[in-house]
Amino acid sequence: MSREFTVAAVDIRLRGVDSLGDGPPLLFLNGGFSARRRWNRVIDRLGGGYRTITFDDRASGGAGTSADFAVRDAIDDVDRVVEATMLRRPILVGWSHGATIAVCYAAEYPELVGGLVLVDGAYPVSLLDEAGKDRVREAFRGSGRYTRVVAGLGGAPGLSPRQRAEAIIATDEVNGTLAADFAALRCPTTFVVGSGGHLGASHERTRMIGAAARATADNPQVTVFATTTGRPTRLLARDADIVAAAIDEVAQRSTRLAVR
């Protein structure tokens, strides 16, 4: 039987669900501006073999309106959830922005993490130069009306277009610093790489795939489990079986490492 939980985090309350299963613990970290329900298909494919914890973070809308959406706050939120649910060395499963947060958390608290599954995210490369940052800001300025409508229906957080743009830019900047963190990781880690379009530019996707390959070359704990052809926004739904298989693989490696 699962239970709902709430964790206080300064100006918001993180709300989540803990399956209370007996298997290895999995903590799922959402993609940017995405809600925890996006993990449902992946969790269904796991067949009840794990203890699964999902939560609506400060950028998902389910946690309420926060004054800050910085990467630092997201890392601290993960730590709050780990402590509140008394997780012991969970495998962090992060999608997109959540993958970046997973690597940052593992780098900061290596003794608390059993493994990482990085779903189309945390590629250790920055993609945005100053012109690229301006393009992101301009793209979100044009989405203002859509953002307000979807937020009003409860399907997206109450972030302004400016906040969304700056959050994406900040995550990209952090990704550009992750190479050293990948080289230092001590836990089993794998990428599920999406080869579909990203920001409308195939050369950016090529750079991301190349960065993942470099991370595997720098650390034998880091692997690429699979490369999918789905678009990033549909990856969890279209390729749930692949993500679940990647989780199984990291869990097995984590178990072998723990008994040595």
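Q: Before we start, what counts as a helix or a strand here?
A: Helices are DSSP runs of H or I with at least four residues and strands are DSSP runs of E with at least two, both numbered from the N terminus. On that basis the chain has 10 helices and eight strands, and it should be kept in mind throughout that this is a predicted model.

Q: OK, how much of the chain is buried?
A: Of its 260 residues, 52% count as buried, while the chain exposes about 12,100 Å², with 51% of that area supplied by carbon and sulfur atoms.

Q: And what share of the contacts joins residues at least 24 apart?
A: Among contacts in the chain between residues at least 6 apart in sequence, the share joining residues at least 24 apart is 74%.

Q: What sits between the two strands?
A: Two residues lie between E1 and E2, which form a hairpin, and Val-10 in the turn has a positive phi of about 55°.

Q: Which other non-glycine residues have positive phi?
A: Examples are Arg-89, with a positive phi of about 50°, and Ala-122, where phi is near 60°. As background, most residues other than glycine have a negative phi.

Q: Where are those two, and are they buried or exposed?
A: Arg-89 belongs to the loop between H2 and E5 and is partly exposed, its relative accessible area being 35%. Ala-122 is placed in the loop between E6 and H4, and Ala-122 counts as buried because its relative accessibility is 2%, where the cut-off for buried is under 20%.

Q: What about Asp-129?
A: Asp-129 is also found in the loop between E6 and helix H4, the latter spanning 130–141, and at 47% relative accessibility Asp-129 counts as partly exposed.

Q: Tell me about H3 then; how far does it reach?
A: From its first C-alpha to its last, the 12-residue helix H3 reaches 17 Å, close to the 16 Å expected at 1.5 Å a residue.

Q: How many of its residues are buried, and what covers them?
A: H3 is mostly covered, with 10 of its 12 residues buried; among them are His-97, Gly-98, Thr-100 and Tyr-105. The cover over the buried residues of H3 includes strands E3 (25–29), E5 (91–95) and E6 (115–119), together with helices H2 (71–85), H6 (161–175) and H7 (179–184).

Q: Cys-104 is in there too, so how many disulfides does the structure have?
A: A search of the whole structure finds zero disulfides. Cys-104 is buried, with a relative accessible area of 10%, and Cys-187 is likewise buried, with a value of 4%.

Q: Last topic, E7: why is it called largely enclosed?
A: Strand E7, residues 189–194, is largely enclosed by the rest of the structure because six of its six residues are buried. Thr-189, Phe-191 and Val-193 point one way from E7, whereas Thr-190, Val-192 and Gly-194 point the other way, and all are buried.

Q: Which strands does it pair with?
A: E7 pairs with E6 in the parallel sense over four bridges, and E7 also pairs with strand E8, residues 222–228, in the parallel sense over six bridges. Phe-191 of E7 is the bridge partner of Leu-118, and Val-192 stands opposite Ala-226 in E8.

Technical notes:
Residues numbered from 1 in each chain as written. Predicted model: local features only at pLDDT ≥ 70, side-chain atom pairs only at ≥ 80, totals over all residues. Heavy atoms only, no water. Buried < 20%, exposed > 50% of the residue type's maximum accessible area, 1.4 Å probe, protein only. Contact = heavy atoms within 4.5 Å. Areas by Shrake-Rupley, 256 points an atom, 1.4 Å probe, with all protein chains shown as cover. Pairing = 2+ DSSP bridges. Disulfide = S-S within 2.5 Å. Expected span 1.5 Å × (residues − 1).
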